[in-house]
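I set out to record what can be looked up in this structure. The sequence and the structure are shown first.

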Amino acid sequence: MILFLKLFYSFLKIGLFGFGGGYAMLSLIQGEVVTLHHWISPSEFTDIVAISQMTPGPIGINSATYVGYTAVVNAGYSSTIGILGSVTATLAVTLPSFVLMLLISKFFLKYQKNTVVESVFKGLRPAIVGLLAAAALVLMNSENFGSLQSDSYQFYISVAIFIVSFAATKFYRVNPILMIVICGVLGAILY
Amino acid sequence: MRNIYWDSFWSFFKIGAFTLGGGYAMIPLIQRTVVEDRKWLSEKDFIDLLAIAQSAPGVFAVNMSIFIGYKLKGWKGSIITTLGAVLPSFIIILAIALVFQQFKTNPWVIKVFMGIRPAVVALIAAPTFTLAKSTGINLRTLWIPVVSALLIWLLGVSPVYIIIAAGLGGYLWGRISKNNPEKPEKS
């Protein structure tokens, strides 16, 4: 029971201070569950990060679900109780942003037309476009595309997939979900 | 008429189930569903929402689902969309934790993901241009997204600081142009 309370409190903190998205959150999770509480070993944590990245959904939620389960099972409980650990961690990590976003949404929808709010967002909008561009640029690395030196086959296929997906979604309005499924099948066939 | 609760739950469930690589990768799917298909938000509101969701703590995509749920049906709507966005991850991860210990070393899984990763990057890059058009970026304001992107990409500046600086800049510019009403320039 104490473990569940501690798990809840840890992930509440992670949810509250996890600014800057999934990857920033991972270092907070590591600090709490690996370094501070020793619920999970460093190598287990690396595996959890890899699986969180490889599975769909937000990385923060994925890793909270996985860490909650593993921490409880590592403490000697059964896998059924492990599921409760998942529920605890996921609920705790979502709760702070849920409350905050609810307040922000209320405030924003009420004061959207306010001139100060409007001018702040006028400055924000072009910067957000830059943030999105940066997200795409940061991901253009050898981890996602392979490298020309070590594996030129993977590199050329990756570049081709990138160009086709870009054109298909931008100019032909192909549904992004369909695009992901197609490229997954392509990967299985081509590699 | 379809039930709005079910419709919004199912929309976010699909978004949660098909986004790989976390937060930013979810933006194209959310935009397609919420702005283009369902028309729950205008393109401009969507960009404002990106700024809000980025500034608040927590999981980016979940923050977006909370706002959209709230706009549709108040706090009850928020609960529905959040559940929709979180449940797929929860179910999939639990299944993996319970059953597939060797998931990440499975050769087929590796191949599928080698195909998906570059597509995900393209999916993030594509809406950048659509959003640039709808924010009305022109030659005079083009430097803002370019400098923001370069600061993050090359210097590793946290997006949080970019948002704070851009918000402050917008506020100050708003005050300046209010004092000079004969020059109705917009940043």
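The entries below take up chain A, then one of its helices, then chain B.

**Conventions.** I note that this is a predicted model, in which local features need pLDDT of at least 70 and side-chain atom pairs count only at pLDDT 80 or more, while totals for chains, interfaces and linings use all residues. Residues are numbered from 1 along each chain as its sequence is written, and chains are lettered from A and ligands numbered from 1 in the order in which they are written.

**Chain A.** I looked up the secondary structure and found 9 helices and 0 strands in chain A (DSSP runs, H or I of at least four residues for helices and E of at least two for strands, numbered from the N terminus). The radius of gyration of chain A, taken over C-alpha atoms, is 21 Å, well over the 16 Å that the globule rule (2.2 Å times the number of residues to the power 0.38) gives for 191 residues, so chain A is more spread out than a compact globule. Its C-alpha trace spans about 55 × 55 × 25 Å along the principal axes. I read that 47% of the 191 residues in chain A are buried (20 or more other C-beta atoms, placed from the backbone, within 10 Å of the residue's own).

**Helix α4(A).** This helix covers residues 59-74 of chain A. I find 14 of the 16 residues of α4(A) buried, so the helix is mostly covered. Just after α4(A), G76(A) takes a positive phi of about 100 degrees.

**Chain B.** I count 7 helices and 0 strands in chain B. Buried residues make up 52% of its 187 residues.

Note on methods:
Expected span 1.5 Å × (residues − 1). Buried ≥ 20, exposed ≤ 12 C-beta atoms within 10 Å, placed from the backbone.
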